[in-house]
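The following questions and answers concern the complex displayed below.

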Amino acid sequence: MAERTVIPFGPQHPVLPEPIHFDLVVEDETVVEAIPQIGFVHRGLEQLVKKKDYSTFVSVTERICGICSFGHSLGYSQTIEILMGIEVPQRAEYLRVILHELSRVHSHLLWMGLAADAFGFENLFMQCWRIRERILDIFEATTGGRVILSACNVGGVYHDITNEELKGIVDVLKGMGNEYSKLTKTFLNDGSVKSRLIGVGYLSKQDAIDNCVVGPFARASNVAEDIRCYGFGGYGYLSAFEPIVCEDGDGYGRAKVRALEVLQSIDIIVELVSKIPDGEVMVKVKGSPEDGSVSASRLEQPRGECFYYAKGNGSKFLERFRIRTPTAQNIGGMTKILQGCDIADVPLNILTIDPCISCTER
Amino acid sequence: MGSFVLGGVTFGNLFKKPATKMYPVVAPTYTAMTKGSIVNDIEACSLCSICAKKCPSLAINVDKPGKTWEIDPFACIQCYTCVRACPKDCLTMLAQYTAPSTTKEYKTLVKTGGDDEKAVAAAE
Ligand code: SF4
Ligand code: SF4
């Protein structure tokens with residue numbers, strides 16, 4: 001039997017974009033165990049919530065993640081709205097979902113680019129990011145920000161997107177369709193991509209359930225779990241929603257799920273734009289959460305289910321606020337897929353789950 | 001198979017305009033909504049400090065007796081809170097970003113005219 005060696009990997013490592021540390025126990029070239037460690041960029045959100053009032057705190061939640069920034073402001077606002085019993089105008093709910101789905105499109109395109117970059121397919125990487133840029137342009141034109149939108153707060157969204165602008169968004173997305181289909185064709189059929197992804201980081205359905213993985217990671221292992229199915233918020237207005245699942249369970253399956261989810265998000269946006277009602281987008285919020293009131297909500301972020309919990313204490317400041325981000329949930333599955341993989345596949349395996357370690361460290 | 005598709009896209013790109021801009025030779029274009037930097041029309045400002053209290057990043061300082069209003073443009077996160085909160089509507093979000101600088105300095109505005117003078121004028 002080969003001798004076991006421990007190789008430290010991260011938090012700073014040339015091939016690792018995120019601050020996570022692994023102790024990789026290897027036998028020859030094979031990883032037999034991976035022991036993760038996080039906590040390198042902890043930001044102390046739970047303490048900060050006592051210093052910023054509930055309407056200002058949305059600026060903090062938005063900055064939990066640079067990619068699902070809008071999603072976090074939406075999840076936070078949703079939770080506080082449940083806490084205070086606020087009814088959000090319908091148009092605002094529609095706009096929130098539209099912006100959130102646009103975030104999903106740009107997040108998945110970002111991931112596809114990064115994955116292409118990870119296996120050295122620079123051309124594909126640039127094409128993905130070029131398309132993604134159009135989504136950022138839409139964000140800039142409609143909310144003013146490219147990354148941090150500051151568009152959502154408790155009570156609705158700040159700025160209405162006019163019906164003409166919404167039509168413009170749909171046109172841009174439809175115009176993207178042709179280029180995007182060429183990209184996915186390359187991404188899913190190209191020999192070099194396939195040779196790098198097929199069979200890499202296999203996770204069986206049972207393992208996915210046992211490790212409670214969420215998001216595209218779970219759906220690629222044939223676990224049909226998507227919070228959007230439950231119709232929270234604006235998702236209730238969709239005529240139908242079916243989560244995209246794939247039976248492969250490997251890196252290729254995850255790529256496929258994400259590639260198809262972009263098209264699904266575009267369909268959601270097109271449907272909602274065709275149905276959006278007119279009206280107010282923000283209600284005035286007065287008062288503060290009652291003492292002892294608690295609320296929780298869930299949201300499907302690009303990386304999976306995100307859970308929010310808030311507790312009021314009668315003042316403008318929350319007593320407690322907690323987020324469980326999708327990556328926090330996926331770390332278990334990530335260590336599982338690292339077991340038995342080649343040491344050279346470790347960075348790619350980590351990448352296929354689309355980790356956002358910095359969001360994990362609230 | 002996939003490579004040929006991408007090859008076609010790449011070949012087509014050779015005859016298209018580049019997707020990027022030669023910044024700073026070519027000036028960036030902003031939209032009407034772009035959140036760049038905050039300016040204050042100080043003469044309209046009543047120095048009420050509401051903006052300073054609401055700012056999530058504590059970028060604004062208001063000194064009523066000294067008649068100054070100052071902002072740290074690099075601390076500002078362009079969240080619009082102050083613009084929405086200002087009762088006098090004297091704050092504006094410009095599309096222009098804050099110019100790069102080697103030092104982080106407050107931009108201080110001093111109010112010259114003011115309520116006192118108006119009061120004097122009214123008395124006369
Ligand atoms: S809120 Fe408006 S009026 Fe009041 S100090 Fe700020 S800028 Fe001046
Ligand atoms: S835009 Fe936001 S961060 Fe900037 S000064 Fe106004 S309130 Fe402060």
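Q: Does A:Ser150 count as buried or exposed?
A: The model is predicted, and the answer rests on the positions of C-beta atoms in it. A:Ser150 lies in the loop between α5 and β4 (152-153) of chain A. A residue is buried if 20 or more other C-beta atoms lie within 10 Å of its own. Because A:Ser150 has 23 C-beta neighbours inside 10 Å, this residue counts as buried.

Q: What is the phi of A:Ser150 near?
A: A:Ser150 belongs to the loop between α5 and β4 of chain A. Its phi is positive although the residue is other than glycine, and the value is near 45°.

Q: How many bridges join β2(A) to strand β3 of chain A?
A: Strand β2 (residues 21-27) of chain A pairs with strand β1 (residues 4-9) of chain A in the antiparallel sense over six bridges, and in that pairing A:Ile7 stands opposite A:Leu24. β2(A) also runs antiparallel to β3 (residues 30-37) of chain A, with A:His21 opposite A:Gln37. The number of bridges joining β2(A) to β3(A) is seven.

Q: Which residue in the turn between β2(A) and β3(A) has a positive phi?
A: β2(A) and β3(A) form a hairpin with two residues between them. The phi in question is about 55°, and it belongs to A:Asp28.

Q: With which residues is A:Thr30 in contact, leaving aside its neighbours within four places in sequence?
A: A:Thr30 has its place in strand β3 of chain A. Because 14 other C-beta atoms lie within 10 Å, A:Thr30 is partly exposed. Beyond its neighbours within four places in sequence, the contacts of A:Thr30 are A:Gly340 and A:Asp342.

Q: How many residues of α3(A) are buried?
A: Helix α3 (residues 69-84) of chain A reaches 23 Å from its first C-alpha to its last, close to the 22 Å expected at 1.5 Å a residue. The helix is followed by A:Gly85, whose phi is positive, near 65°. α3(A) is mostly covered, and of its 16 residues the number buried is 15.

Q: Which element supplies the largest share of the side of chain A that touches chain B?
A: The contact takes 22 residues from chain A and 16 residues from chain B. On the side of chain A, α5 (122-143) and α6 (163-189) each supply at least two residues. By class, this side has four nonpolar, 11 polar and seven charged residues. The largest share, nine residues, comes from α5(A).

Q: In what order do the elements of chain B run from the N terminus on?
A: The secondary structure of chain B comes to four helices and five strands. B:Pro24 is found in the loop between α1 (2-13) and β1 (37-40) of chain B, and the peptide bond from B:Tyr23 to B:Pro24 is cis, with omega near 5°. From the N terminus on, the order is α-β-α-β-β-α-β-β-α.

Q: Which residues are the closest to ligand 1?
A: The shell around ligand 1 has 10 nonpolar, three polar and one charged residues. Of the 14 residues that surround ligand 1, the closest are B:Cys45, B:Cys48, B:Cys51, B:Cys86 and B:Lys88.

Q: Which residues are the closest to ligand 2?
A: The shell around ligand 2 divides into 11 nonpolar, three polar and no charged residues. Of the 14 residues that surround ligand 2, the closest are B:Cys55, B:Cys76, B:Cys79, B:Thr81 and B:Cys82.

Q: Over which residues of chain B is the pLDDT below 50?
A: The mean pLDDT of chain B is 83, and 89% of its residues reach 70 or more. One stretch has a pLDDT below 50 and, beyond near neighbours in sequence, zero contacts in the model. Where pLDDT is low, the predicted coordinates should not be read in detail. The stretch in question is residues 118-124.

Technical notes
Residues numbered from 1 in each chain as written. Chains lettered and ligands numbered in written order. Predicted model: local features only at pLDDT ≥ 70, side-chain atom pairs only at ≥ 80, totals over all residues. Near = placed C-beta within 6 Å. Nonpolar A, V, L, I, M, F, W, Y, C, P; charged D, E, K, R; others polar. Pairing = 2+ DSSP bridges. Buried ≥ 20, exposed ≤ 12 C-beta atoms within 10 Å, placed from the backbone. Contact = placed C-beta atoms within 7 Å. pLDDT = per-residue confidence, 0-100. Expected span 1.5 Å × (residues − 1).
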